[in-house]
Amino acid sequence: PGSELKVTGVDFLKSQNTRLHHTDAYNIKNLVVRRGQAFQIQLSFSRELKASDKLALRFGIGEKPMKPRGTLMSLNPRREPDLSGWQISIVKSSGKECLLSVTSSPSASVGIYNLNVKTGTNIYKPENGDVYLLFNPWCEDDVVFLDDEAQRKEYVLNDTGYIYVGSAYSIYDRPWNFGQFEEFILDACMYLLDKSSLRLSSRRDPVLVSRAMSALVNANDDSGVLLGNWSGNYDKGTSPLDWMGSVSILQQYYKTKKPVNYGQCWVFAGVLTTVMRCLGIPSRCVSNFNSAHDTDENLRVDIYLNEFGEKLNRMSLDSVWNFHVWNDVWMKRTDLPSGFDGWQAIDSTPQEQSQGAFQCGPCPLKAVRDGDVYLPYDSKFVYAEVNADKVYWVVKNVRGKDKYIKISTETQGVGVNISTKAVGQDKREDITAQYKFPEGSEEERKAMQKASSFIRPAGMGIRARFASTMSVDDMDSRPGVLHETVSKTGLQLEINNTDALYPGNPLELAITVKTSVPGNWTINLAGSCQLQSYTGKIEASLGYIKETIKLEGNSETKVPLKIAADSYMKTLASVEDEVLIHITAIAEVQETNDKLTKETTMRFEYPPITVQMPETAKLNEEFACAFIFKNKLNVPLDNCKLLVEGLGIFKMATFNQGDVKPGRIIKSEVICTPTRVGEKKIVAKLTSAQVKAISVEKAITITD
């Protein structure tokens, strides 16, 4: 016999394979491929390959790869196909070279496979022999298959985007850099897979993987990626508002293996989107406005007001957040009856435990919409977030005891304007209809009835912290679906601002009271203005009005509510969160005892940051980018910081600008050297003691 066959080299043909697998953007030395799709490997031998030679490519995953466990695939191009569903074939063999094609199973476990090549008794271990295998939305046999190229580009490959925040009637976009292709991000995701309690065989299933990742992105019970903090004090870390994307968070976590300080809901959702897209599961950030955080899953949130209409923090066990952000991931649900494939909600913000851990989902959107809230996972919780009713109570002190008077019920205020970034466009898409049927429709009524049969009936008892010492007025104790308060006078309330809401200016607000039914009406109006954080927590009460109005028939009157700047500027500077302006009005018609409440939340307006840079630039050639901000407010901005980041252009940078007096202009410049071609985005953010969230982004096209 001739000399024994030895392998002298392995070429992973990285550039051609990664282009075909849509993995060429990953910043990593190793080969990254997607499951269920062929990739090629070129072997070099010590001599020509003969028909009698023994040859096997061995792909192993985990600590101790073993064939019986399905963690070692030994692929021989001349033998029967491997039972694992992996395939191998010789594309061409000439001289001492042999080109092989390998196709992994479309249901293979996702992770890092080590390759070695066995010829006879020799084993060759190539350098960088770790091959990263991901989910494949381009493969029809993969359960994450997404049959739309524009959607795959957005939900898998787009590394920038927006997260929608603010309040239901003043929604704004916060640019976010997902950065799933940046250095160490893929390794951080692989580390999270190893850290999860998932068996290797469970890592083939995106349902289990996405659920495990929703637990690991928060640090609550598993020292995961991010520690949540809603206290308003972020000295021991980074304020949630200062992050511009997921990259620095995941890189820091991977380096230290310790939770990063601090996150709030949009940060958790941004990082979870990065992890999902990085692993190959289509994902989007979803913002739910007026999101019910109902600790009791009884579809009811109780809101307690004093007689001036000011919300009382101390009473509430549950709350309505101005917005809450979670994620949708796309997959088939082979674990459920048919009809629940497609988008599934997952949530990594730690709110309550599910099966003993802070995790949430995946929950089919169709189950939420249809009221099938018995389906896994956590569908009751998600259903309540978008469908709870608000019940308003006024708390009056009568002879030293709190007395609770129910004033109204609102059935349509929760779960509105559910938003995500549109596919292929820099704009908001409203996806409320994917979560709920139109308010008041027959389908909505049916879904509500179905859901209510699985959720404990609310009863109309009081749920407040001090429930033992109080008397209750106007209590109808019948459970079931609540009805909107309908008025005998056609009473309506509107709240708006009559001037721009700039920090440092007085807040000029107005409450309009309308009646539309003939008659003479005497109306007691109370209206209050408070500052609150996005979770609905009241940070300060700024002022109120209380007056009695007379209206006749079909008429209206406008009552001004003016708040002086110095009554809120201290709070603005002392709370490290972005605060919103919250106005509540209560109207009571004396003649009929009709009562109505209305609340609205507005955000402050800010001067813009402008970006000066060319529209195009060349790969690896320097260009300058300038950020300019003029303080047009009539108050100084203390301790200003400008944060900038551009994926594929420059790493995150911080410029400390000190105190910026009214009228002063600041300018910072970055010299950029682009490392990747295509359309890239530069994001800048300005934070200060008084103003937390001015951001801007600008696109630039990088060419060869």
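I'll start with P362, which sits in the loop between β18 (342-346) and β19 (363-364). The bond joining G361 and P362 is a cis peptide bond, with omega about 0°. Bear in mind that this is a predicted model.

There is another cis peptide bond, between N261 and Y262, again with omega about 0°. Y262 belongs to strand β14 (residues 260-263). Most peptide bonds are trans, and most residues other than glycine have a negative phi.

On phi, two residues deserve a look. S223 is not a glycine, yet its phi is positive, about 40°. S223 is in the loop between α4 (206-216) and β13 (226-228), and is partly exposed at a relative accessible area of 33%. N639, also not a glycine, has a positive phi of about 55°. That residue is placed in strand β35 (residues 637-646) and is exposed, with a relative accessible area of 53%.

Now the overall layout. The chain is split into domain 1 (7-134), domain 2 (151-454), domain 3 (491-602) and domain 4 (609-702). Taken over C-alpha atoms, the centres of domain 1 and domain 3 are 67 Å apart.

Next, the cores. The largest nonpolar core has 66 residues, and the members touching the most others are L186, M213, W266, V275, M276 and L279. Helix α6 (residues 265-279) supplies the largest share, 11 residues.

Last, the annotated site. An unreviewed UniProt entry gives "binding site" for N387, D389, E439 and E444. These residues span 58 residues in sequence, but no two of their C-alpha atoms are more than 14.0 Å apart, so they gather at one spot.

Is N387 buried or exposed? N387 is buried, at 8% relative accessible area, and is located in helix α8 (residues 379-387). Setting aside neighbours within four places in sequence, N387 contacts V414, K436 and M448.

E439, by comparison, is in the loop between α9 (432-435) and α10 (442-454). Its relative accessibility is 32%, which counts as partly exposed. Not counting residues up to four places away in sequence, E439 touches T411, Q412 and E444. E444 is itself in the annotation.

Conventions. Residues numbered from 1 in each chain as written. Predicted model: local features only at pLDDT ≥ 70, side-chain atom pairs only at ≥ 80, totals over all residues. Heavy atoms only, no water. Domains from an automatic or database assignment. UniProt positions renumbered as here; feature names shortened; annotations may be inferred. Helix = DSSP H or I, 4+ residues; strand = E, 2+ residues; numbered from the N terminus. Buried < 20%, exposed > 50% of the residue type's maximum accessible area, 1.4 Å probe, protein only. Contact = heavy atoms within 4.5 Å. Core = buried A, V, L, I, M, F, W, Y, C linked by side-chain atoms within 4.5 Å.
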